[in-house]
Amino acid sequence: MALPEEADIPSRFPFGDSCALTGPCPVERRSVRLPADLAARLGDTADELLLAATLVLARKYSDSLAFRIGVRHASWPTGRPAVPLVAAMPSARSAAEHLRAVTDELAAIGAVADGSVPADGSAVDGSVPADGSAANGSAANGSVPPDGGVPAAGSAAAGGVVADGSAAADGGTVDGGVVADGSAADGSVPADGSVADGSAADGSAANGGVADGSVPADGGAVAEPGVLLAGVPDASGGPKVLYVLGSAGHRAAARVNGADLVVSRAGGPDGTTLYADCHAHVHDTGFTERMLGHLIVLLRQFLDLPDTRIGDLRLLTDAEHAQLRAFNDTAGPYPRDASIYELFAAQAAERPDRIAVEHASRSLTYRQLQDEAEQLAAVLHSRGIGPRDRVALLLDATPLLLVAVLAVLRLGGVYVPLDRSLPVGRRDFLLADSGAALLLVDGQQVAADVPVLDLSRAQDAAAQDAPAQDTAAQDAPAGPPDVAVSPLDPAYVLYTSGTTGRPKGVLVGQRAVIRLVRGADYVDLSPGTRILQTGALAFDATTFEFWGSLLNGGTLVLEPATTVLSSTDLGAVMSRCRINTLWLTATLFNQLVEQDPKVLAGAQVLLGGEPVSARHLALAMDACPDSVFTNGYGPTENTTFSVTHRVTARPCGRVPIGRPVANSTAWVLDRDGNPQPLGVPGELHVGGDGLSDGYLNLPELNASCFLDGTPATPERLYRTGDLARWTAEGLLDCLGRTDDQVKIRGYRVELTEIESRLSQLPGVRDAVVLLRPRAAEEPLLCAYFTAKAPVEAAQLREALARDLPDYMVPSAFLRLDEMPRNLNHKIDRAALAALEPEDSTAGRASGRAPATALEVTVAGLFAEALGLREVGVDDSFFDLGGHSLRMMRLWNRIRSVTGRDLALKQVLERPTVAGVVAALEHGSAAAPARPRLTRRS
């Protein structure tokens, strides 16, 4: 299989627009007069200092450890190409060391200005020795000869900058340590898997979609201190950033040699002026003006603080830093010293007869909910539960769930919600890892290595024949003891996918929860709030749903999970229950909008879990002018929402994620922990009172993911792994990931966890899992594997389903003889992504073939929804890889194609072609109209 060439060291900035025009493009020029004191200090070293500063600026803009820049002299004719230079700029190198390297290199290429050495590094007569050395016979030790010749391939100019016109013909080592493709001289690859240009070693874009070849912010090394890079090909057609030597004045022009930015200077009787000529189709004038300010900031540090590490050099002006601090000035009043149960009890005392939890089986007032929570807390206390003890919950979404959660918190305990659909193996791991002292169930028989307490009623418990399983009805004491609970105490543990092959538990504190729902500035929460619970019980959206209602005197409405899959059912519930607030994953929101965008009329709709579709959001806003739509972003480690954006205008393009919510912070930092300027990408870090206490039992991961702060950001922060930038409007724009984490139906999924499990299965040798985007459909989770012996994809899927939740089980498998590899001998994920696996989990449907015309129609719709060629009449939709969102699409297609009424519940209860056909044959000819919705208050 042909391998793609490695991308190059960054030679452009990872932002700005693209321009496909080949002809002349407009140029925007901006200039700034250097302060007199600074201009006087530049003296005869103006070019050296400015080029050194420009390289550092480019390194920080691209968040890399090296940069390729073009250098030309003001006296050269316009058509003469620039000399491309590559500078390695490790964080530990000082500004003075970097300046010396640049000075030495400029001295070496100084003869180019008079034409004695062509800019491409070849001999004056155009010949190039066969050994790849410079035509002038440069020294074998890598020093640059006084005539300005280019060093021989494999040699190094002292200090870290080299003219790269001469690449070794065989890709030989440079300074003995780095070869042209970025791999180590011995053929190994840096330990973090990155290559010299910052792309992932497997060929995928490590920065989640910022397409410029910039080095990701994960610390991937380009070169060790003192190691030079030379001869790395530039696939983009030449450096896009150019520095002009000499006093250029009006003669400097953008688009020289295809550059998008040209930096130059001009001296005169009035002082020194810096010029920046920008390709107007790529960079705007606001960026150009900010960039010139950053150059001045860097120049002063080079002169005043020469021993400062490159990693510690800052870009921001004082005004810019003040602006970022203002974005994060979110402190506001809220009961930060209270506990969750304390605030709930206050609501119960103030409005005891208001409905707290509404459910089809029964509803509870605040007084009733508190009374039942107190009773259960007494029972739990009698079982030994006390402060900081963890109690796992394996319960359905009924009022009993809220009773249990409040009872645990009443004792200062920590609740651990578990999804009822979890495979037994994964559930047992979570119980063990969390250190749960007790597991609460509601009637179901559960075998576990921890004590199990059944919360069902006495008559239900009496019918059970498992003596080891206690019941809550047995001898409950009169009341629980008083417990002092601190706002810094933990409240719950929530598990997310882990990079080590096992899930990781996030410990969230009481204050973090309260900061989310009290004093909130991103949503209206009050006694009139009626929230529909839509998230999975082990999903962090429940934190907002539970406490956004119960800590503000509102009402939490519990409905079957299938309600939100149908716009008809959802519309009926929203009208009947007067829902005015709900949270939806972006995928579910899109599906509902496609069914009926008016279903969300009159509500506060919070969206998140995945990037929001601007098209679907615009449709919903047009259909629901009285609704409020808010894009919410936040990792579990910062308690549900970190930043939000209330969308007030019809969106086009990427929807911003906004600004930090009250009492929270958000910083875009480079690899060294320095804030990035407006428009410049970096890794998003979040903090504030919502920050979690970290991961259970994972001290090394805590040390790498939770930072104690930097001089520029002196607060504890969480590294999200998301690339983001501040827009000119002061909003955060999320650009993608720096790693392989993906979102599936709103859930965070570490692909390495799936790969680890797949690789452990018998017969599997190598495994790679990718999330493949698909037009107009949800992305497809695909597994690529090699095997020592024949193995069926259905067997692999069945084995994975025993350990992983359904959303982490790949829908498509493809067996390969060998994994494609790139030049660094790493698995080439880009090549894998180009392969087309069959969207099938069983490979082929089995069972009875459709016979009647209606069976043929319905079977075809099943196959369409599942991505299969055919489906048997008795094949289960879910056994063939279906899930709730695919089921929703299938249900809509069946009703649309057949024109017959069909309840989603009927499809879920009998998810086969035969079952659906039977329901259709007994149904009516048209679907019922959706109830009319009105504004809810």
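Are phenylalanine 13 and phenylalanine 287 buried or exposed? Both phenylalanine 13 and phenylalanine 287 are buried (buried: under 20% relative accessible area; exposed: over 50%; partly exposed in between; 1.4 Å probe, protein chains only). This is a predicted model, where local features need pLDDT of at least 70, side-chain atom pairs count only at pLDDT 80 or more, and totals for chains, interfaces and linings use all residues. Residues are numbered from 1 along each chain as its sequence is written, and side-chain values use heavy atoms, with hydrogens and water left out.

**Aromatic pairs**
- The structure holds 19 aromatic pairs (Phe, Tyr and Trp rings, the six-membered one for Trp, with centres within 6.5 Å; planes under 30 degrees apart are stacked, over 60 edge-to-face, the rest tilted).
- Phenylalanine 13 and phenylalanine 287 pair edge-to-face, at 6.1 Å centre to centre and 70° between the planes.
- Phenylalanine 13 lies in the segment before strand S1 (27-33) and phenylalanine 287 in helix H4 (residues 285-304), so the pair ties together parts 274 residues apart in sequence (helices: DSSP runs of H or I, at least four residues; strands: E, at least two; numbered from the N terminus).
- One aromatic cluster is formed by Phe13, Phe15, Tyr61, Phe67 and Phe287.

**Buried residues and their contacts**
- Threonine 636 sits in the loop between strand S21 (628-633) and strand S22 (643-647).
- Threonine 636 is buried, at 7% relative accessible area.
- Beyond neighbours within four places in sequence, threonine 636 contacts residues including Leu494, Asp540 and Arg748 (contact: heavy atoms within 4.5 Å).
- Valine 593, in helix H14 (residues 586-595), is buried at 4%.
- Valine 593 and leucine 619 are 26 residues apart in sequence and 7.3 Å apart, C-alpha to C-alpha.
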